[in-house]
Amino acid sequence: MESLQSHRAEMISIAVALLAIGAGTAYYFYITTKKPKGCLDPEKFKEFKLVKRTQLSHNVAKFKFALPTPTSELGLPIGQHMSCRGKDSLGEDVIKPYTPTTLDSDLGYFELVIKMYPQGRMSHHFREMCEGDYLAAKGPKGRFKYQPKQVRAFGMLAGGTGITPMFQVTRGILENPNDKTNVHLIYANVTYEDILLKEELDNLANNFPNRFSVYYVLNQPPEGWDGGVGFVSKEMIQTHFPVPAADIQVTFRLYNLPHSPSYLLKTTKKNLLFFFF
């Protein structure tokens with residue numbers, strides 16, 4: 001009897017030890033594989049500190065905002081945007097959507113490239129922002145979430161500040177080693193000085209020459225300009241976009257341009273991914 005009780009106690013001890021080991025192993029895999037929670041909240045505005053402001057031109061600046069810790073991620077899926085809240089010149093609240101030029105892989109911070117217009121209500125807020133100030137933002141917002149390998153190629157048409165969501169998606173595609181999607185971008189502006197993120201776009205074109213191309217179009221080009229001139233035309237689209245097919249998607253976002261890509265809308269209606277003005 002004593003031997004039986006001893007054996008039973010030994011078996012219970014082994015079972016407890018195995019349970020503890022199993023629980024510890026499960027916890028280890030949980031904490032090592034659990035995706036970090038993003039800093040954004042879709043329902044509530046959170047404040048983020050402006051740590052660096054870089055003036056890019058007379059009316060364009062890059063704003064770098066800190067996240068709570070150096071390893072924090074914003075939590076914004078590729079293709080989505082965030083709502084930012086500020087004060088206009090009358091002190092009234094104004095909310096406007098913006099897309100960061102950074103990705104969740106850029107830990108500890110996010111950046112916004114903002115063009116500030118003279119009469120823009122949110123432009124006033126950013127024009128007045130100084131390092132140390134806070135920006136209220138919430139998100140993610142938007143119905144579109146890019147999924148790697150969802151198409152063979154993208155045709156992207158951007159105008160003015162509409163380049164920011166295109167840049168975010170393009171970066172997400174090209175910097176993912178498992179995503180072989182090609183990107184063809186036509187980027188239209190009025191003057192050379194209006195081109196946002198040109199250095200970054202050119203770097204992507206140089207680093208991924210077989211997967212990314214960008215064609216700049218200017219309505220008022222400088223002397224010696226070798227890009228497109230005038231408005232985006234049917235011929236430009238046919239030359240610089242992939243041939244329409246079931247596995248080709250076209251997306252365009254235009255701001256402050258005096259024309260609409262009616263040809264693009266007619267010829268690629270079945271393949272449109274999203275359409276913004």
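Guide: Helix H2 (residues 121-128) lies across strands S1 (46-55), S2 (60-66), S3, S4, S5 and S6 (134-141). This is a predicted model, in which local features need pLDDT of at least 70 and side-chain atom pairs count only at pLDDT 80 or more, while totals for chains, interfaces and linings use all residues. Residues are numbered from 1 along each chain as its sequence is written, and side-chain values use heavy atoms, with hydrogens and water left out.

Visitor: What angle does H2 make with S3?

Guide: H2 runs at about 75 degrees to S3; axes are lines fitted to C-alpha atoms, for helices over the stretch in contact, and angles run from 0 to 180 degrees between N-to-C directions.

Visitor: What makes S3 and S4 a pair?

Guide: Two strands pair if DSSP finds at least two bridges between them. Strand S3 (residues 81-87) and S4 are joined by 6 bridges and run antiparallel, so they meet that definition. Ser83 stands opposite Pro97 in S4.

Visitor: Which order do the strands of the open sheet follow?

Guide: The order of the 6 strands is S4-S3-S6-S1-S2-S5, with antiparallel pairing.

Visitor: Why are S4 and S5 said to stand at the edges?

Guide: S4 (93-98) and S5 (109-115) each have a single partner strand, so one side of each is left without a neighbour in the sheet. From one strand to the next, the twist averages 35 degrees.

Visitor: How many residues of the chain count as buried, as a percentage?

Guide: Of the 277 residues, 43% count as buried, that is, under 20% relative accessible area with a 1.4 Å probe, protein chains only.

Notes. Helix = DSSP H or I, 4+ residues; strand = E, 2+ residues; numbered from the N terminus. Contact = heavy atoms within 4.5 Å. Buried < 20%, exposed > 50% of the residue type's maximum accessible area, 1.4 Å probe, protein only.
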